[in-house]
Amino acid sequence: MRIRIMEIGVGAFLLAGIVALLMLALNVSGLKLMESNDTYRVYARFENIGGLTARSKVTMSGVLIGQVTDIRLDPEALQALVEMEISKDVDYLSIDSSASILTAGLLGEKYIGVVVGAEEEYLQDGDYFEDTQSALVLEDLIGKFLFNEVSE
């Protein structure tokens, strides 16, 4: 009888460990079990996304306000079209707000940083950021530096 209780206890402990690892993996990856409907979609066009991926963070003043949901090539503008979901709590992004692709930490994780403008009209579902700044690509900077050194 004692061995049976110990086996049940070990099994329960193992099951709790597997559930905890699954929750940790979901939390770290940014996946959600249920889709949230309390967001609105905005878009931005960038010349170079430089490693930005779907599910990247969208922040304002370092605070998470949304995430990137889709990245595709706009065939008309020939630029990267980035679709973002922004929390409905953040309904004060003016139409002259700017979006920039930034890099976090030493590993180079890319995310979008939003800076609010001064207009009194706000972005709505389906609107576009007009002022964008593409990612800073290290290879381009090195090339420009070397080219300037050689040309002098």
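A salt bridge here is a side-chain nitrogen of Lys or Arg within 4 Å of a carboxyl oxygen of Asp or Glu. Please keep in mind that this is a predicted model, in which local features need pLDDT of at least 70 and side-chain atom pairs count only at pLDDT 80 or more, while totals for chains, interfaces and linings use all residues. Residues are numbered from 1 along each chain as its sequence is written, and side-chain values use heavy atoms, with hydrogens and water left out.

1. Let me begin with the salt bridges. By the rule above, the count comes to 5. In one of them, the side chains of Arg-45 and Asp-74 meet at 2.7 Å, N to O. Arg-45 belongs to strand β1 and Asp-74 to strand β3 (residues 63–74), so this pair ties together parts that are 29 residues apart in sequence. Strands (E, at least two residues) and helices (H or I, at least four) are DSSP runs, numbered from the N terminus.

2. How do the two partners compare in exposure, buried or exposed? The cut-offs are these: buried means under 20% relative accessible area, exposed over 50%, and partly exposed in between, with a 1.4 Å probe and protein chains only. Asp-74 counts as buried because its relative accessibility is 8%. Arg-45, with a relative accessible area of 30%, is partly exposed.

3. Next, please look at Glu-85 and Arg-41. Their closest N and O atoms are 3.1 Å apart, and the two form a salt bridge. This pair also links distant parts of the chain: Glu-85 sits in strand β4 and Arg-41 in strand β1 (residues 39–46), 44 residues apart. Glu-85 is buried at 9% relative accessibility, whereas Arg-41 is partly exposed at 32%.

4. A further salt bridge joins Arg-72 to Glu-83, with the closest N and O atoms 3.9 Å apart. Here strand β3 supplies Arg-72 and strand β4 supplies Glu-83, and the residues are 11 apart in the chain. Arg-72 is partly exposed, with a relative accessible area of 37%, while Glu-83 is buried at 10%. Through shared partners, salt bridges join Arg-41, Asp-70, Arg-72, Glu-83 and Glu-85 into one network.

5. Now for the surface. Which residues gather in a patch of negative charge there? They are Asp-96, Glu-119, Glu-120, Glu-121, Glu-130 and Asp-131. Patches are made of residues with over 30% relative accessible area and no salt bridge, with like charges joined within 9 Å and nonpolar side chains (Val, Leu, Ile, Met, Phe, Trp, Tyr) within 5 Å. Lys and Arg count as positive and Asp and Glu as negative, while His and the chain ends are not counted. The place of a charge is taken as NZ of Lys, CZ of Arg, CG of Asp or CD of Glu.

6. Asp-131, a member of that patch, is found in strand β8 (residues 131–133). The residue is partly exposed, with a relative accessible area of 44%. Apart from residues up to four places away in sequence, Asp-131 touches Ser-97, Ser-98 and Ala-99, where contact means heavy atoms within 4.5 Å.

7. Accessible areas come from the Shrake-Rupley method with a 1.4 Å probe; for residues, only the protein chains shown count as cover. Phe-145 lies in helix α2 (residues 138–151) and counts as exposed at 52% relative accessibility.

8. Finally, two backbone angles. Ser-61 is not a glycine, yet has a positive phi of about 55 degrees. Ser-61 is in the loop between β2 (57–60) and β3, and is exposed at 76% relative accessibility. Leu-78 has a positive phi near 55 degrees. Leu-78 is in the loop between β3 and β4, and at 64% relative accessibility counts as exposed.
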